[in-house]
Amino acid sequence: MDTPLTPARALTATRPEAVPTGVPCRACEYELGGLFSDGNCPECGLPIQASIHGDTLALAAPAWLARVESGAWIIVWTTLSWLGLVIAGRVGITLFTQGAASPTAELVLKVALAGLSVWFLLGVWRLTTPEHDLKPSGRRLLHLVRILMISGVTLNVVQRFGTLSRAAPVPGGMLAYEWLDEFLATAAWACVMFHVTALARRAGAYKMSNSAWLTGWFIAASLGVMILAMCIGLLVSVSVVPGAPGGLLMGILGCWGAIVIPVTLLCALVLVGQFAHRLELVRHRATLIRSHQRFQPAPPPDASAQT
Ligand SMILES: [Zn+2]
């Protein structure tokens with residue numbers, strides 16, 4: 001079960017104690033030994049609690065939490081709107097134009113979807129905002145997510161607007177091009193899930209964190225299945241393999257594509273929504289902790305000298 005959020009006061013209202021020697025500041029590695037636990041790092045200003053209590057999100061900067069939270073909400077709402085628009089668009093075109101869509105209707109739909117895609121990317125950008133004291137390796141991972149998602153979504157928009165030429169210069173080249181946006185977006189979604197895994201853990205939401213981890217691996221497996229299916233398609237297209245490959249294999253791949261991928265992505269979306277809600281609570285708590293710290297009287301400057 002997820003641990004309930006402990007009241008903000010529990011972290012700050014305890015009697016300030018002297019920090020034992022050998023405890024470095026989380027952000028700048030300044031030696032905090034001998035300082036009071038309710039103060040801030042003299043070097044960089046990070047609350048000392050953040051270095052003592054590990055990396056719990058409730059001690060993170062509220063501004064950063066708000067940014068990540070808004071990113072998660074944007075992802076949820078744009079993805080839902082995107083799906084709704086695609087379905088409504090298809091149904092509308094079929095009902096009102098008997099399948100033969102007018103170019104204007106198609107264009108309006110494409111522009112609306114492209115607009116939602118841009119908004120979605122803004123959400124991913126905000127969700128993957130690195131924390132100010134994040135180590136370079138973590139920062140690189142977040143940048144990788146951004147690059148993958150931006151390339152995938154941009155390519156998808158370009159494909160929607162562009163007219164795909166069937167004459168591919170390389171055998172199977174067209175197939176690879178048609179699938180590339182999905183590969184990139186799927187890889188990015190897996191990384192988003194691992195990012196949520198780490199943050200949910202820091203928010204004390206262990207069940208959510210485990211679900212995100214499992215979903216991340218399912219999405220990664222889906223990427224493997226998609227690449228396998230494309231390779232088979234490629235081999236068939238260059239006639240290395242005569243005819244269609246075995247029915248069982250194609251059945252498994254088809255099932256995976258039609259059932260596992262949509263269900264996993266839906267799970268991912270629900271998890272991002274749950275995560276956003278959790279972050280909202282954590283952010284309120286973080287704000288409370290910060291304000292509490294600001295108004296606390298400063299500890300006596302030199303307690304040992306008084307004895
Ligand atoms: Zn510091």
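Mentor: A residue is called buried under 20% relative accessible area, exposed over 50%, and partly exposed in between, using a 1.4 Å probe and protein chains only. The model is predicted, with local features needing pLDDT of at least 70 and side-chain atom pairs counting only at pLDDT 80 or more, while totals for chains, interfaces and linings use all residues. Residues are numbered from 1 along each chain as its sequence is written, and side-chain values use heavy atoms, with hydrogens and water left out.

The part to look at is the zinc site. A donor is an N, O or S atom within 2.8 Å of the metal (3.2 Å for Na, K and Ca), and sites may look incomplete because water is not among the atoms. Here the SG atoms of Cys25, Cys28, Cys41 and Cys44 coordinate the zinc ion at 2.3 Å. The spacing of these donor residues in sequence is C-x2-C-x12-C-x2-C. Cys28 and Cys44 link distant parts of the chain, 16 residues apart, although both lie in the loop between helix H1 (8–12) and helix H2 (48–52). Helices (H or I, at least four residues) and strands (E, at least two) are DSSP runs, numbered from the N terminus.

The angles among the four donor atoms are 106 to 113 degrees, and the site is tetrahedral. For reference, the ideal angle for four tetrahedral donors is 109.5 degrees.

How covered are the ligands? Cys25 is buried at 2% relative accessible area, and Cys41 is buried at 3%. Cys28, by contrast, is partly exposed at 31%, as is Cys44 at 39%. With a disulfide defined as a pair of cysteine sulfur atoms within 2.5 Å, the count is zero.

Now the rest of the chain. The protein has eight helices and zero strands. Of its 307 residues, 36% are buried. With a contact taken as heavy atoms within 4.5 Å, residues 24 or more positions apart make up 68% of the contacts with a separation of 6 or more.

The whole structure holds three salt bridges, each a side-chain nitrogen of Lys or Arg within 4 Å of a carboxyl oxygen of Asp or Glu. In one of them, Arg283 pairs with Glu69, the closest N and O atoms being 2.5 Å apart. This pair links distant parts of the chain, with Arg283 in helix H8 (residues 247–294) and Glu69 in helix H3 (residues 62–97), 214 residues apart. Glu69 is buried at 7% relative accessibility.

Another joins Glu131 and Arg202, with 3.0 Å between the closest N and O atoms. Glu131 sits in the loop between H4 and helix H5 (136–161), and Arg202 in helix H6 (residues 173–202), 71 residues apart. Glu131 is buried at 6%, and Arg202 is buried at 14%.

Glu106 and Arg90 also meet in a salt bridge, at 3.9 Å from N to O. Glu106 belongs to helix H4 (residues 103–127) and Arg90 to helix H3, 16 residues apart. Glu106 is partly exposed at 26%, and Arg90 is partly exposed at 42%.

Note on methods
Four donors count as tetrahedral if all angles lie between 85 and 135 degrees; four count as square planar and six as octahedral if opposite donors are over 155 degrees apart and all others between 65 and 115; anything else is irregular.
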